[in-house]
Amino acid sequence: MPESHHDPYVRVRGAREHNLAGVDVDIPRDALAVFTGVSGSGKSSLAFGTIYAEAQRRYFESVAPYARRLIHQVGAPAVGEITGLPPAVSLEQRRSSPNARSSVGTVTTLSNSLRMLFSRAGRYPEGAERLDSDAFSPNTAAGACPSCHGLGRVHDTSEELLVPEPELSIRQGAIAAWPGAWQGKNLRDVLDTLGYDVDRPWRELDAKDREWILFTDEQPVVTVHPVRDADRIQRPYQGTYMSARRYVLRTFSDSKSPTLRAKAERFLTSAPCPVCGGGRLRPEALAVTFADRTIAELASLPLTALAGLLSAASAEDGETARVLTEDLVARIATVTELGLGYLSLDRATPSLSNGELQRLRLATQLRSGLFGVVYVLDEPSAGLHPADTEALLVVLDRLKAAGNSVFVVEHHLDVIRHADWLVDVGPLAGVHGGRVLHSGPPGGLADVEASATRRFLFDREPRPAREVRAPAGWLRTGPVTRHNLRSVDAAFPVGVLTAVTGVSGSGKSTLVGALTEELSGVGRLVTVDQRPIGRTPRSNLATYTGLFDVVRKLFTETGEARARGYKAGRFSFNVPGGRCETCQGEGFVSVELLFLPSTYAPCPDCHGARYNPETLQVRLRGLTIAEVLDLTVESAAAFFEDTPAAARSLRTLLDVGLGYLRLGQPATELSGGEAQRIKLASELQRPHRSPTLYVLDEPTTGLHPADVEVLMRQLHGLVDAGHSVIVVEHDMDVVATADWVLDLGPGGGDEGGRIVAEGPPGRVARAAESRTAPYLLRALGPAARD
């Protein structure tokens, strides 16, 4: 049908992005359309990879060519054509690198309005010069406290933290804060060359030497002559010394690795900046007040309290103050509508969940007043307690009522039922999915037998009664005082599945974060989250699980590889030798098109195989290494069934429902739910000799109800094998299957932070003070109400 101004549909023809099988679908504009399907079925590829990507490409084509070069552009999606497509705004659950300067205020731009209020309507000390709004920002040179650089806290360390075991020598590892492997050896060798005794117990060294080794700001460069090993030659090199304090502070402030930052933090003390008192600003900015509060004091209030204070501000502050406060209060209202009134403007974004961050961006869009656009949302209900889902639906309706189209990728059944239009993708995942099974009003899905979603929407059977497990012991933590928790003591049962519940911001993740291996009775602790397993296409399913090492070893044992003298490195696409050097093992090359977005094409030499012709001449049971990486987990399980090391990895991947993924599937193509299940599979394949505590923070985020069933089978299997499992969860169907529930609340922020109910699900479902109770009671079914 030719496109016209009156065509009320977005019409997609021949979509082939990722696993989509030439999809044709029509989706109405000015409607709430929900995309559903099991994890990996192709719904995100359709909503984000095709519809949003094409809208973004068209927008960039309208930008002047010289400006286009300054914008990172995505390539054109694999689709025949899309008609009737308005401009699009995307809200995905992606988080940039942790940044202590990013906060709720900066994400929502509410900080800008508050700074303007203080600049234009604040009360200044007598004789003080009026300040520009930048002077009230801790992220600018004009406003940041010179002592803490606008962070509000200063970090330092001490000899006791850096050297916890002073009876050891430096060579034995007395300086625990130093890096491991070659870096640590280099620092020891440099000290040795400088004349310090690295073999003498630390406590016997002179005090001035200990002081210099740990705290000097000097960075001397010396020629190091390493001790020669019998099997290798080590040449002299120029080594630079860095004190333990300098190394820890630099790692903590500059490292992009959360693991390295966490390790460095263990050796640091943190205290409010003595100059600004934690206010983050210069003294002249902190001297300005509004409603008798500094801007730092207002930024630390929960948004509900801030809105109340601004609303009560007296009219004596003038017309400017009235206009600015009314605007601020209206902007705050959109955030509190989404159940985030417990957050403060100075709350750092790294401490927020993906769901909270996405809802903040959604609130910003609500105030933008855009008309006639397509909003493409990625699971806006993620991290949302059932009590807050109704508020979310109101917000989605408001976006639609403002004249916009709202396309939502979602698994939450309440959101799916609320949709005007349903696009169900499947029937299964990967190569077994990629087809549109239903596109129409939700009720029509009841007749689609192949749909995995249909059963959960229309054929819900009463939950069978199950016997809750008895705890084998208790893990006690506390008193925990962090964020909104105030001296909270908690007891977690051992040998059962525990669900930690409560509204967003009630303190669930904070409480569970207090569980460490140092606690009595914990033993081994494993945390499984939804962070990506890698951030580049070089990281994939096979490399992460260790399966690739097994596969490469099998190839080196073939007769052809032995005859040629090939070692395991020959079969890696990450190092020179066996890989194709044209694409450096990527399998594709970037084609620069000057003013158009760069596009990727299969490598002209290896045609996407990643390896050079010599490497591909080696075959294992008829397959090259490239062909093995192209196998699905399902196919590979049959291929490697007689290889125990490979079969075990593949069996656990099948057990968590990932049989459709390819062994060489890049990490960048995996969803959060897939990444989490890969991590779980990696853990399950290890032999466990001692009881382990597994902690999962919202493990069902991004999972279809059918995938949740698969995941829960594995978690209950872990408990049956003698381990303990703790999940932070909002999905009441999951909570209903737990043995013990710990409910925090009753509200979020300052209104939460305490345990309001605990016990088996049936007992918590009747707790009068719990906001979780009515939803849990509904999930437990009729038997629980009797």
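**Notebook: cavity, pocket, cysteines, backbone**

I began with the largest cavity, where α9 gives the largest share of the lining, three residues. The model I am reading is predicted.

**Cavity.** I counted cavities of 30 Å³ or more and the structure holds one. The space in the largest cavity comes to about 40 Å³. I listed the residues that line it: A177, W178, P179, Y247, T251, L260, K263 and A264. Two helices, α8 (244-254) and α9 (258-265), supply at least two lining residues each. By class I noted six nonpolar residues, one polar and one charged.

**Second largest pocket.** I then turned to the second largest pocket, which holds about 1,400 Å³ of space. I found 44 residues in its lining, and R460, R463, D731, D733 and V734 lie nearest the centre. The elements that give two or more residues to this lining are α16 (413-418), α17 (454-458), α27 (705-720), α28 (732-735) and α30 (773-780). Of the elements, α27 makes the largest contribution, with six residues. Sorting the lining of this pocket by class, I got 16 nonpolar, eleven polar and 17 charged residues.

**Cysteines.** How many disulfides does a search of the whole structure find? I got zero. A disulfide is a covalent bond between the sulfur atoms of two cysteines, so I looked up sulfur distances next. For C580 the closest cysteine sulfur is that of C603, at 3.7 Å, which is too far for a bond. The cut-off for a disulfide is 2.5 Å between the sulfur atoms. For C603 the closest cysteine sulfur belongs to C606, again at 3.7 Å, and this too is too far for a bond.

**Sheet.** I looked up an open sheet of three strands and wrote down its order as β2-β1-β4, with antiparallel pairing. Strands β2 (23-28) and β4 (81-83) are at the edges; each has a single partner strand, so one side of each has no neighbour in the sheet. On average, neighbouring strands here are turned by 5° against each other, direction ignored. Between β1 (residues 9-15) and β4, which run antiparallel, I found three bridges. In β4, T83 is the bridge partner of R11.

**Cis peptide bonds.** I noted a cis peptide bond from G478 to P479, with omega near -5°. P479 is within strand β14 (residues 473-482). I noted another cis bond between G745 and P746, where omega is about 5°. P746 is in the loop between β22 (740-745) and β23 (754-759).

**Positive phi.** I looked up two histidines here. H149, which is not a glycine, has a positive phi near 60°. I placed H149 in the loop between α4 (110-121) and β6 (153-156). Its relative accessibility is 53%, so H149 counts as exposed. H607 also has a positive phi, near 55°. The loop that holds H607 runs between β19 (596-602) and α22 (613-616). H607 counts as exposed because its relative accessibility is 64%, and the cut-off for exposed is over 50%.

Conventions: Residues are numbered from 1 along each chain as its sequence is written. This is a predicted model: local features need pLDDT of at least 70, side-chain atom pairs count only at pLDDT 80 or more; totals for chains, interfaces and linings use all residues. Side-chain values use heavy atoms; hydrogens and water are left out. On a 1 Å grid over the protein atoms alone, a cavity is a set of points where a 1.4 Å probe fits but cannot get out, and a pocket is an open set with protein on both sides within 12 Å along at least five of seven lines; lining residues have an atom within 4 Å of a point. Grid points are joined across faces, edges and corners, and a volume is the space filled by probe spheres set on the points. Helices (H or I, at least four residues) and strands (E, at least two) are DSSP runs, numbered from the N terminus. Ala, Val, Leu, Ile, Met, Phe, Trp, Tyr, Cys and Pro count as nonpolar, Asp, Glu, Lys and Arg as charged, and the others, Gly among them, as polar. Two strands pair if DSSP finds at least two bridges between them. Axes are lines fitted to C-alpha atoms, for helices over the stretch in contact, and angles run from 0 to 180 degrees between N-to-C directions. Buried means under 20% relative accessible area, exposed over 50%, partly exposed in between (1.4 Å probe, protein chains only).
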